[in-house]
Amino acid sequence: MSKQNKEEVLDKAVKDLAAVTDQYLSRLVKELQGTDFWKLRRAYSPGVQEYVEAATLCNFCKTGTLLTLDEMNATLLPLSDPSVEPLQINILDYILGLADLTGELMRLAIGRISEGELDFAEKICSFVREIYRNLTLIAPEMDDSSDMKQKMETMLQSVMKIENACFSVHVRGSEYIPLLGSADTSYPLLGMPDIE
């Protein structure tokens with residue numbers, strides 16, 4: 001996704017996410033309706049975490065905000081039979097999905113930096129840092145924190161990669177080679193004039 005194709009990519013992402021919801025999540029909802037789906041969570045949890053990651057990434061790219069658990073669960077209600085308890089994404093799967101989201105946002109931020117969109121990368125950095133900060137308060141209180149512990153370490157690495165990339169551009173920005181396609185032919189590399 002870049003400035004040039006953002007709308008096109010987001011339109012496709014929204015359609016793809018709707019297709020996943022219609023084809024897979026609705027089937028999961030129908031299969032688990034009327035059962036004690038909380039006890040079966042381990043069987044479908046990894047898929048739900050991936051769904052949370054995709055939905056929250058799509059929402060962030062569209063609005064710059066976090067899709068909340070309540071908002072996500074509200075989209076699942078129409079898939080359920082109103083006469084039985086609706087399948088809802090639980091807080092643990094949501095948090096684990098958010099942890100995975102930070103890795104995708106790290107890749108997006110690095111890509112935006114390479115395209116010269118430092119402001120957007122810095123917005124991503126603040127957003128990921130805030131998610132990490134809030135999850136550090138929750139993770140120690142979790143009963144089954146083995147998955148979360150590993151994801152917290154990976155999340156911290158993502159935060160550091162984004163911060164280091166943004167910092168490097170600020171501190172050493174004059175040393176970076178201009179973006180491909182730039183019309184600037186007299187770009188100094190490490191203070192040396194261009195060699196013709």
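Me: Why does Asp-16 count as partly exposed?

Reply: In this predicted model, Asp-16 has a relative accessibility of 38%, and since buried means under 20% and exposed means over 50%, the value falls in between, so Asp-16 counts as partly exposed. Lys-12, by contrast, has a relative accessible area of 51%, which is over the 50% cut-off, and therefore Lys-12 is called exposed.

Me: What makes the meeting of the Lys-12 and Asp-16 side chains a salt bridge?

Reply: The N to O distance between the two side chains is 2.8 Å, and because the cut-off for a side-chain nitrogen of Lys and a carboxyl oxygen of Asp is within 4 Å, the pair qualifies as a salt bridge. Lys-12 and Asp-16 are four residues apart in helix α1, so about one helical turn separates them.

Me: How do you know that Asp-100 and Lys-151 meet in a salt bridge, and which parts of the chain does the pair link?

Reply: Their side chains come to 2.9 Å, N to O, and this lies within the 4 Å limit, so the pair is a salt bridge. It links distant parts of the chain, with Asp-100 in helix α4 (residues 91-114) and Lys-151 in helix α6, 51 residues apart. Asp-100 and Lys-151 are both buried.

Me: Why is Ser-158 called buried, and what is it in contact with?

Reply: The relative accessible area of Ser-158 is 5%, and as buried means under 20%, the residue is therefore classed as buried. Ser-158 lies in helix α6 (residues 146-172), and, leaving aside its neighbours within four places in sequence, it is in contact with Thr-102, Gly-103 and Met-106.

Me: What makes Cys-58 and Cys-166 count as buried?

Reply: Cys-58 has 9% relative accessibility and Cys-166 has 6%; because both values are under 20%, each cysteine counts as buried.

Note on methods:
Residues are numbered from 1 along each chain as its sequence is written. This is a predicted model: local features need pLDDT of at least 70, side-chain atom pairs count only at pLDDT 80 or more; totals for chains, interfaces and linings use all residues. Side-chain values use heavy atoms; hydrogens and water are left out. Buried means under 20% relative accessible area, exposed over 50%, partly exposed in between (1.4 Å probe, protein chains only). Helices (H or I, at least four residues) and strands (E, at least two) are DSSP runs, numbered from the N terminus. Contact means heavy atoms within 4.5 Å.
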